[in-house]
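Q: Please take a close look at a single part of this structure. Start with its pairing, then follow its cover and surroundings.

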Amino acid sequence: MRFLKWRLRTILFHHKEEMYQENTGTVKSPNKKRSKKCLFDKIDDLDRNALRQKVHSFWLKKELPTIDKILEAVNDDPALPNYKRTTLYTIIKKLDFVFIKRKRCSVLTEREDLLVWRQNYIDDIRKYREEGRTVYYLDETWVNAGDCVEKLWVDKTIHSKHDAFNRGLTTDATNPTGTGKRLIVLHIGSHKGFLEGGLLCFLSKKNSGDYHDEMNGDHFHEWFQSIIPCLEPNSIIVMDNAPYHSVRTEKIPTSSSKKDEILLWLKSKGVVIDRPMFKPQLLSKVREIKSKYTSYVVDNLAKGAGHTVLRLPPYHCELNPIELAWAMVKTHVKQNNTSYKIDDVRVILNSAIERVISENWQNFIQHVIKEEEKMTEVDRNMDEIIDNLEPCVLTITGETSDSSDF
């Protein structure tokens, strides 16, 4: 019977193909290719951050991290997935770590521009706190209709389904099998708590694994403009470097730009092109001056109202106290979600946000300050140890090295 059904589907498919050929002269495969997710995209921000912390833990102990040491530490941690050596190596490269080859060892450190970003961020945030300026932290997250506490209560006195039935109980799990609909949530807060009127919550329309796909520059800018009047004067606004946070006011030419576009942009900036140039030469001119014209829509909106935007370095969510606030909110939602209906979840979400008071926020910020101090110690140890290592002519970065070397 199964063979007959399969055969019938095959005949119908080829019949449709022949009809399509007769009408158009071409045949198009009905199968759609699904774009494969990159390995790095399959792990969430929390796991990425945890991997970075594993590497930092060696520097805190003033011990040189190697890929084998990190692999052992990661696979021994029950909170993290188990990785193969090559898989972990690939992910580590994506996190902007690089290997520096020395005569006797290979040292795992971070890319220079990321180190500078982190060090400058910590210096700036400390300075702003000392100046007494109010620091606001914003971030996006999500809540699923099916979010619930994963642990189940077990009654060991129940011996069978028949016994449970007689006692008016059930042996089936009541939790939903899927996550259901999703709410995208955006908020901002300071040491005084979540900002009143700062909540943006809407129903997800995409079936995507990444909630960032729901946001865009226009959506975010509209919300950002609405909360600016609610901020205290001369405030600092901390955010990550998500694409919709960093929409540029002006498009600057890149290697994908046409040569005519690059020429037009350079001339609009007063650059004199007095001889024929190849595209790489023009792009070199762009790089020389682009820092003067790199600005972001959000930064300009904040600056116009007397505020300053400060961006977190990539994969450093532990430096944002709102992440701890989200953890508190989601725990409350999971513990009180019994209907698994999105409208009920929205009500629970609003209640959970109200429960995160200023005292909680102050504790979260104190925790982040300790993380900043830890980062400073990591950078100090890294700086001293690498500086005292025997130099080697060869420096191997994560992009060009072979994992077998480590």
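A: S4 and strand S6 (residues 200-203) run antiparallel and are joined by 4 bridges. Helices (H or I, at least four residues) and strands (E, at least two) are DSSP runs, numbered from the N terminus. Two strands count as paired if DSSP finds at least two bridges between them. In S6, leucine 203 is the bridge partner of leucine 183.

The model is predicted: local features need pLDDT of at least 70, side-chain atom pairs count only at pLDDT 80 or more, and totals for chains, interfaces and linings use all residues. Residues are numbered from 1 along each chain as its sequence is written, and side-chain values use heavy atoms, with hydrogens and water left out.

S4 has other pairings. S3 and S4 pair in the antiparallel sense, over 8 bridges. There, glutamate 140 stands opposite leucine 186 in S4. S5 is also antiparallel to S4, with 2 bridges between them. Glycine 193 in S5 is the bridge partner of serine 190. A hairpin through 2 residues joins S4 to S5.

How much of S4 is covered? 9 of its 9 residues are buried. Buried means under 20% relative accessible area, exposed means over 50%, and partly exposed lies in between (1.4 Å probe, protein chains only). Both faces of S4 are covered. Arg182, Ile184, Leu186, Ile188 and Ser190 lie on one side. Leu183, Val185, His187 and Gly189 lie on the other.

Helix H11 (residues 322-336) has 15 residues. H11 reaches 21 Å from its first C-alpha to its last, close to the 21 Å expected at 1.5 Å a residue. The expected span is 1.5 Å times one less than the number of residues. In H11, the residues Ile322, Ala325, Trp326, Val329, His332 and Val333 are buried. They cover an arc of only 125° around the axis, so they sit on the same side of H11. The arc is taken from the directions from the helix axis to the C-beta atoms.

Now two buried sites elsewhere in the chain. Glutamate 110 is in strand S2 (residues 106-110). Glutamate 110 is buried, with a relative accessible area of 2%. Its side chain makes a polar contact with the side chain of arginine 118, at 2.9 Å. A polar contact is a pair of N or O atoms within 3.5 Å; within protein, one must be able to donate a hydrogen and the other to accept it, and residues adjacent in sequence count only if both atoms are side-chain atoms. Leaving aside neighbours within four places in sequence, the contacts of glutamate 110 include Arg52, Asp96, Leu115, His316 and Met382. Contact means heavy atoms within 4.5 Å.

Leucine 95 lies in the loop between helix H4 (85-94) and strand S1 (97-101). Leucine 95 is buried too, with a relative accessible area of 0%.

Last, the whole chain. There are 13 helices and 8 strands. Of its 406 residues, 40% count as buried.
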